[in-house]
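Here are a few exercises to work through with the model open beside you. Try each task before you read its solution.

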Amino acid sequence: MTTRKSLDPLDLYDVGSLLSEEERMVRDSVARLVDERVLPVIRKHFEDHTFPRELVGELAALGLLGSSLDGYGCAGLNAVSYGLICQELERGDSGIRSFVSVQSSLCMYPIHAFGSEAQRQKYLPRMATGELIGCFGLTEPHGGSDPGNMKTHAKRKGGDWVLNGAKMWITNAPIADLAVVWAQAEDGIRGFIVERGTKGFEAPEIERKFSLRASSTGAIFLQDVVVPEENVSGE
Ligand SMILES: Cc1cc2nc3c(=O)[nH]c(=O)nc-3n(C[C@H](O)[C@H](O)[C@H](O)COP(=O)(O)OP(=O)(O)OC[C@H]3O[C@@H](n4cnc5c(N)ncnc54)[C@H](O)[C@@H]3O)c2cc1C
């Protein structure tokens, strides 16, 4: 049995000693970023209800966007490292962690796992560098995040799809360049990649939040939005 010299009040189960050298390195470099770059500015962003967009490049430079994905400019770290990244970012502010986890797990991951090769090539490398920001639209104003109650629908029109509906409480929506939107099609729920600037797509900010004030949260309105077949999720 090993005994420890001192007890860390933030790690009573001594989980830190189980980490590999690489995991510790990841944790410590994110901790440094949080101490040096997030904590000095986050109070002001919380008070002003603004997202610190100036940090996106630095998060990307550390490999934190899509960190657990392989290829396409992503870091290919393991799941423990991703957990440590989120834990450290959350220590800085939940809004920063939300930005990274929505970009990585809710937007890049579905493109990586279910998208076509062309979609992966088109979006993932630029999302890993933070050049493109993504959001994920599941939750709706009336039925919350229960997919069984989804009213947003997609209808085929020639070779394209036409989307109508609304999403609510969507992290990153007001600043996103693309949205992975879930909609009810005739054969079940499908994922659609909708790019900012597409006619009929709007993503206004939800203002005066009590919490997560340094996170950009929005609604998504889809009115006769035409999405080409090549932007539909494979599965
Ligand atoms: C700041 C913010 C950011 C968000 N970002 C996103 C995003 O990026 N993309 C997105 O799609 N969504 C997003 N959401 C939505 C979020 O995912 C949902 O609000 C959340 O999943 C809860 O779902 P709901 O609103 O449908 O609540 P519900 O699931 O309806 O739950 C409401 C309450 O009812 C309880 N409840 C639910 N069902 C039952 C049951 N059968 N029996 C007993 N109790 C029950 C729950 O425990 C909860 O307390 C965001 C929300 C917020 C506030």
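**Exercise 1.** Which radius of gyration does the protein chain have, and what would a compact globule with 235 residues have?

*Solution.* This is a predicted model, in which local features need pLDDT of at least 70, side-chain atom pairs count only at pLDDT 80 or more, and totals for chains, interfaces and linings use all residues. Residues are numbered from 1 along each chain as its sequence is written. Start with the rule: 2.2 Å times the number of residues to the power 0.38, with the radius taken over C-alpha atoms. For 235 residues a compact globule would be near 18 Å, and the protein chain has 19 Å, so the two agree. Next, look at the extents: the C-alpha trace spans about 70 × 40 × 30 Å along its principal axes.

**Exercise 2.** Describe how helix 3 and helix 4 are placed.

*Solution.* Two packed helices are described by the angle and the distance between their axes. The axes of helix 3 (residues 79–92) and helix 4 (residues 94–114) come within 6 Å and cross at roughly 145 degrees. Finally, find the contacts (C-beta atoms, placed from the backbone, within 7 Å): C86, L89, E90 and G92 of helix 3 meet S94, I96, R97, V100 and S101 of helix 4.

Notes:
Axes fitted to C-alpha atoms, helices over the stretch in contact; angles between N-to-C directions. Helix = DSSP H or I, 4+ residues; strand = E, 2+ residues; numbered from the N terminus. Contact = placed C-beta atoms within 7 Å.
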